Amino acid sequence: MALASQDVGVVGWATGGGHGLATGKYGMGADNIIEAVVVTPTGEVVAANACQNRDLFWAIRGGGGGTFGVILSVTLKAYPMPSVTLVNLSMSAKNGTHPSSWYRFVARAHAHLDLLQEAGVHGYYTMGGGSLTLQGALLIYDAQNGTVENLLAPMRRFFDASNATATSNLTPLVTLPWYELVEMMPTTESVGTKQSVRASRFIPRKVVKDDIELFAETLEAITSHPGPLNVISPPSISGTMTGSRTPVDNALNPAWRDSVVHIITSQSWDESLPPAVADRVVHNMTYQKGYALRQLAPDTGAYFNEVRMQDLCLLKYAFVANEYISYVGQRKRVNLAVVFFR
Ligand SMILES: Cc1cc2nc3c(=O)[nH]c(=O)nc-3n(C[C@H](O)[C@H](O)[C@H](O)COP(=O)(O)OP(=O)(O)OC[C@H]3O[C@@H](n4cnc5c(N)ncnc54)[C@H](O)[C@@H]3O)c2cc1C
C-alpha cells in the first residue's frame, strides 16, 4: 500500500478498491484486507474475515466501506520489504507528427503496458494538457540481474520502430528498498479554489488488442479542447496501470483485472470563468468525452473511488462494481440484511 496524499484515508481507499505504487505485483488495497471489524446497520459489532461473516467480508473488499456498515478496524496483509526499480517513461511527438499518428502510437504503446502489467509491473502516466507528450513512471519489483532490461526490451523495440513519429525514452533511474522510494515521493494535499470536471473509464485488454483505431480516435477526442485556452486548462489524461491479475474472490470491479489502464481525463478553471461557459465545459466532458469513453468500453465502468459523483449519467455506468455485487449476491444467495446506499 502506498498513499502519497495526506487526504486519503485507508478505509475508504482499500474498501473502494485502493490502487498504489505496489498494486501491479501485490494487488489492490481491497485484495489485501484480511479482516475488518464492522458495526452493522443493526448495531452489532462483528468480525468479517475468511471464516466469519464471509458475505460481508466479500462485499467490503471493493464494494465500499460505508456501503455495509461502519468499519472500526481493518487488518491488512504485510509482505517482506521488496526492492523497486523506478523507470522513467517519456514519449513526445516529433515536429510535424500529425495528432492522429501520435494518438495511434500512444494507443499501440498500451499493448506494451499490458505486457509489463502481466509481469507485475505497475505505473502511472499523464498526457495531453495541450501538448503531444506523455510522461510516466514504471515500478518493477524485486528485479534480478538483467530482468529490468529484458522486461523493457519489447517496448524499446517498439519505440525504435516508431522513431519517425515520436521521441521516446524508457530509462531505469534508481533501485531502492521500497520504503526509501515511498519516502522520496512528494506528499500532496488538495487545496485551492479551482473548479474541475472529469470523465473516467477502464480501458480493457480487448480494446488494446482489437480496437486500436477506435482507442486512438477516443484519445484524440477526449483531449480536444472546447473552451478559451487562457482560462480553462486543456484536457489532460492520467493513466493508472491496473492491478495484479491474480484472482481474488471479492467485490472489486472485475475490470481491475481485465483492463490495461484506468484513465481519467480532466479540465479545470478558476472561479472567474462565467458560469455559462463552465456549464459548457461540464456538458462537453459528460456528453462528448465521457460518452466517447463509454462507447469505447461499454462494459467496464469507472473506478468507484475516483468517479465524478455529481454526474448522474456517469454514475449509471460507474457502478458496475455494485451491479456486480448485486449479481454475485443473487448468485451466491448473499443476504446482506441492509445495504446503506440502496
Ligand atoms: C488527493 C487524492 C488522491 C487520491 N489518490 C488515490 C490513489 O492514489 N489511489 C486510490 O486508489 N485512490 C485515490 N484517491 C481516491 C480515494 O481512494 C477515495 O477518495 C477514497 O474514498 C478515500 O477514502 P477516505 O476514507 O479518505 O474518504 P472518505 O470520503 O472519508 O470516505 C470514502 C467512503 O468510505 C466510507 N468510509 C470511510 N471510512 C469509513 C469507515 N471507517 N467505516 C465505514 N465507511 C467508511 C465513507 O463513508 C465514504 O463512503 C485519491 C483521492 C484524493 C482526494
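Which elements each supply at least two residues of the shell around the ligand? They are α1 (10-16) and β3 (70-76).

## The model

This is a predicted model: local features need pLDDT of at least 70, side-chain atom pairs count only at pLDDT 80 or more, and totals for chains, interfaces and linings use all residues. Residues are numbered from 1 along each chain as its sequence is written.

The protein chain has 12 helices and 10 strands. These are DSSP runs, numbered from the N terminus: helices are H or I with at least four residues, strands are E with at least two. Of the 342 residues in the protein chain, 42% are buried. Buried means that 20 or more other C-beta atoms, placed from the backbone, lie within 10 Å of the residue's own.

## Around the ligand

The ligand is surrounded by 20 residues. The closest are G9, G12, G65, G66 and I71. A residue counts as near if its C-beta atom, placed from the backbone, lies within 6 Å of the molecule. α1 gives the most to this shell, with four residues.

By class, the shell has 13 polar, five nonpolar and two charged residues. Ala, Val, Leu, Ile, Met, Phe, Trp, Tyr, Cys and Pro count as nonpolar; Asp, Glu, Lys and Arg as charged; the others, Gly among them, as polar.

## Strand β4 and its partners

Strand β4 (residues 83-93) pairs with two strands listed here. With β7 (residues 166-177) the sense is antiparallel, over 11 bridges. With β6 (residues 131-141) it is also antiparallel, over nine bridges. Strands pair if DSSP finds at least two bridges between them.

N88 links to both partners. It stands opposite T171 in β7. In β6, the bridge partner of N88 is A137.

## Helix α8

In helix α8 (residues 212-222), F215, A216, T218, L219 and I222 are buried. These residues lie on the same side of α8, because they cover an arc of only 160° around the axis. The arc is that of the directions from the helix axis to the C-beta atoms.

What covers them includes α4 (99-118), β8 (195-204), α7 (205-210), β9 (236-241), β10 (259-269) and α10 (275-296).

## Confidence

pLDDT is the predictor's confidence in each residue, from 0 to 100. The protein chain averages 87, and 86% of the residues score at least 70. Among its elements, strand β2 (residues 45-49) has the highest mean pLDDT, 98. Helix α11 (residues 312-318) has the lowest, 45.pLDDT stays under 50 over residues 312-321, for which the model has 26 contacts beyond four places in sequence. A contact means C-beta atoms, placed from the backbone, within 7 Å. Over residues 330-342 the pLDDT is also below 50.

Methods
A residue is buried if 20 or more other C-beta atoms lie within 10 Å of its own, exposed if 12 or fewer, and partly exposed in between; C-beta atoms are placed from the backbone. Two residues are in contact if their C-beta atoms, placed from the backbone, lie within 7 Å.
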